[in-house]
Amino acid sequence: MSKGAAELRRAARNHILTPRLETPFHPRLEALSEVNDWYNWAGYKAPHSLFDPELEYFAIRSTAALFDISPMVKYRIAGPDAERYLNRLTLRDVRKLAVNRVHYTAWCDDHGHVLDDGTLFRLGDEEFRLCCQERHLPWLLDSAIGFAVDIREETEEVAGVALQGPTSFAVLAAAGFAEAARLKPFDIATFPHEGGTVTISRTGFTGDLGYELFVPRALALSLWDRLWQAGELHGIRAIGYGALNQTRIEAGFIVANADFVTAEGALRANRVRMPDEIGLDWLVDPDKPNFNGRKAVLEARRRQTLKRILVGLEIEGNVPAEHAIVYHRKKREVGLVTAGIWSPTAKRNIAIATLDRPYGSKIVDDLWVEIYALRELRYQKLMKRAKIVPRPFVKLARRTATPPALK
């Protein structure tokens, strides 16, 4: 057996023996984990909780929280046609995205069905980073035919961590990143760190004051330690996805393959969604040059053939309604709750739901949800009133305050 064949065989064996990859921050997370509660995120071992989901939630809303976002899929897109290519691919007008700015966007197939949503970072005139939930390299490469652009995945190479909460800037300042005070929401800046650089964006998935930091994999642990040491006097805690999910629901944010099924992931034709059906209609810029799905999206608007709508609900009582069926007049099934919690901050029972049109658009009254609550080892059926309310459910002034407060 040749040396190369032996290495391939060894790599294959190690892959089988390692069912989940470990992120660059995993040594720190593993040391902090008290409950051994892990889940699979894009092939990586990620914490659902580290010590207590409720206390982790309040770390986000009361002090500062660190959340490992390294498994988020990241693509580096660069070249003379990078802007034109991304403008052809995504819903928003990339020409309006300035250097050192970020915007939230989404992209569709040619039928106008959403493939994914994510954030687009403009790092230079001809250089971008696209972050998303699912892997799309074949689609991105196929879409790049005819463009002078280079596309490569950098998920493994770049470590990312989210620092969120009211004292998050205080932590950055104590860590030596005081210049981050000038960052407005969706701004980006680069700072020196351990002989390299860290890219800091004022972004997040919590609806709170927060930042996301990206560094080369080799500098990940030193960045974590720098933030952790600086945050000791500011109540910093590491958190898992359970707590983050609560705050993203309060912020009214949606998650691919949770609140909607991506076009590539859908097994049934009626599961796909257009942007207007999942609350992303505001992303569509019909005045920019042609983009994937433009004709289908605008035609559906013109002919009023959209079938569904995504809404925020406030539900009576305090039993979360996750995955509850929504009814009209307790009789007609009209939709499904995709995410629901009792909000500790809003003090309301809130939910995100997909409804069949015209329910949720023209018919908005007499809605009910069917909840099954576990009471003394038996499920009790509860029919609770629901009303449509605006998102976000929680709106915090500190999220946009510039410069941010130190406490």
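Two strands pair if DSSP finds at least two bridges between them. Helices (H or I, at least four residues) and strands (E, at least two) are DSSP runs, numbered from the N terminus. The structure is a predicted model, in which local features need pLDDT of at least 70, side-chain atom pairs count only at pLDDT 80 or more, and totals for chains, interfaces and linings use all residues. Residues are numbered from 1 along each chain as its sequence is written, and side-chain values use heavy atoms, with hydrogens and water left out.

Strand E17 spans residues 348-356. Strand E16 (residues 332-343) runs antiparallel to E17, and 8 bridges join the two. E16 and E17 form a hairpin, with 4 residues between them. In the turn, lysine 347 has a positive phi of about 55°. Strand E14 (residues 308-315) is also joined to E17 by 8 bridges, again in an antiparallel arrangement. Here isoleucine 352 of E17 is the bridge partner of glycine 312. In E17, 7 of the 9 residues are buried, so the strand is largely enclosed by the rest of the structure.

An open sheet is formed by 6 strands. Their order is E10-E11-E12-E9-E3-E13, and the pairing is mixed. Strand E10 (188-193) and strand E13 (236-238) stand at the edges. Each has a single partner strand, so one side of each is left without a neighbour in the sheet. The twist averages 25° from one strand to the next. Angles run from 0 to 180 degrees between N-to-C directions, and axes are lines fitted to C-alpha atoms, for helices over the stretch in contact. Within the sheet, strand E9 (residues 158-164) and strand E12 (residues 210-216) run antiparallel and are joined by 7 bridges. Alanine 159 has valine 215 in E12 as its bridge partner. Helix H7 (residues 220-231) packs on the sheet. H7 touches strand E3 (64-68), E9, E10, strand E11 (196-201), E12 and E13. The direction of H7 makes about 140° with that of E13. Contact means heavy atoms within 4.5 Å.

Isoleucine 69 lies in the loop between E3 and strand E4 (73-78). Isoleucine 69 is buried, with a relative accessible area of 6%. Leaving aside neighbours within four places in sequence, its contacts are Trp41, Lys74, Gly160, Val161, Ala162, Glu212 and Phe214. Isoleucine 69 and glutamate 156 are 87 residues apart in sequence and 12 Å apart in space, C-alpha to C-alpha.

Threonine 119 is found in strand E6 (residues 114-124). Threonine 119 is also buried, at a relative accessible area of 18%. Not counting residues up to four places away in sequence, threonine 119 touches Val102, His103, Arg129, Leu130 and Cys131.

The axes of helix H3 (residues 53-62) and helix H8 (residues 241-250) come within 8 Å and cross at roughly 50°. That makes H3 oblique to H8. Angles under 35 degrees count as roughly parallel, over 145 as roughly antiparallel, 65 to 115 as roughly perpendicular and the rest as oblique. Pro53, Glu56, Tyr57, Ile60 and Arg61 in H3 meet Ala243, Leu244, Gln246, Thr247 and Glu250 in H8.

Conventions. Buried means under 20% relative accessible area, exposed over 50%, partly exposed in between (1.4 Å probe, protein chains only).
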